[in-house]
Amino acid sequence: MAAKSPSQAPHGPHENRSSDLPEVLVLKPPPLLNIYGDDFSKKFRLLKASESPLPIDQFLATHARSVRAMLCSGTGPRINAEILRLVPSLELIVTTSAGLNHIDLAECRRLGIPVANAGDVFSEDVADMAVGLLIDVLRKVSAADRYVRQGLWAAKGDYPLGSKLGGKRIGIVGLGRIGSQVAKRLEAFGCSISYNSRKRKEFVSYPFYANARELAANSDALIICCGLTEQTRHMINREVLLALGKEGVIVNIGRGAIIHEKEMVQCLAVGEIGGAGLDVFENEPNVPKELFALDNVVMGPHVAVFTPESFQALRDIMIENLEAFFSNKPLLSPAMDE
Ligand SMILES: O=CC(=O)O
């Protein structure tokens, strides 16, 4: 049979047939994809497992020999060895997040599958939120707002004093992209910075503490900026919190499980630490109810990365990573090189 001439083609020359587009596997579409409209589906053929009538293993079996890239997020199923075994053709994972704790990185390394993440696109927004939470706890911004709204200013008089940010000793746990942005901001407020990381950073002049307890003992506030790994899970426990002390403030914009949440709640409840600014929790979206009664605790629903600006930048970097991969170019934000 003769090949179709271009004029017989059912689609115009500039129109992509979805079946011609590179395939990208999506187990559960990240909520963000709705915001991006058809930005992705114009460029990639999204194979959405959760929208298929097939059970997941059958759906994956259908694409197991062809699909080369997967898009995932922290709100979807964990990308574990079992999933990876079902898609042996996979050559790339792109995640919408900066954090990588929903991906079995060891297995990806073993299989030689690179992971691309959000890179630096969230760092400034997350750092702003960390500083915002710290100022809120120290200066009682949210608590004072509640005081005014409840009519207590007129009824009871002036609100208790907050504590000055300038001059505080800030301990940053995890001086990566986000931690460095937090340090830069807080230096500008007149704070002194120290840090704890896997290793001392050669080109960083801030004092380094080899463990979180020593850092806490030398800090007025501890800001958790590291990723969640088996090494960092529950790294911030009662011992670290007691070292931070009665006036000490803990801020967490990393992952909830880096802090031993139950021990932190107990320390806060009896005044063994001074306050907390928490955007992340161990068992999201469940938050320990005891925290609701504490005026020295400020909370967010894991939204530190959420700005329209960061979402646009994220869309661009995800598309650029996928396009680079499909044209055999280096990834823009390879996560496992970090
Ligand atoms: O928490 C958000 C992220 O890891 O991007």
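User: How much space, in Å³, lies in the second largest pocket?
Analyst: This is a predicted model, in which local features need pLDDT of at least 70 and side-chain atom pairs count only at pLDDT 80 or more, while totals for chains, interfaces and linings use all residues. Residues are numbered from 1 along each chain as its sequence is written, and side-chain values use heavy atoms, without hydrogens and water. A pocket is an open set of points on a 1 Å grid over the protein atoms alone where a 1.4 Å probe fits, with protein on both sides within 12 Å along at least five of seven lines. With volume taken as the space filled by probe spheres set on the joined points, the second largest pocket holds about 280 Å³.

User: Which residues are the closest to the centre of the second largest pocket?
Analyst: The second largest pocket is lined by 20 residues, each with an atom within 4 Å of a point. Of these 20, the closest to the centre are Val137, Lys140, Glu247, Val249 and Gly274.

User: Where is the cis peptide bond that joins Glu284 and Pro285 placed?
Analyst: Glu284 and Pro285 are joined by a cis peptide bond with omega of about 5 degrees, although most peptide bonds are trans. Pro285 lies in the loop between strand 10 (275-278) and strand 11 (297-299), strands being DSSP runs of E with at least two residues, and helices runs of H or I with at least four, numbered from the N terminus.

User: What is the phi of His302?
Analyst: His302 is in the loop between strand 11 and helix 12 (308-326). Most residues other than glycine have a negative phi. His302, which is not a glycine, has a positive phi of about 50 degrees.
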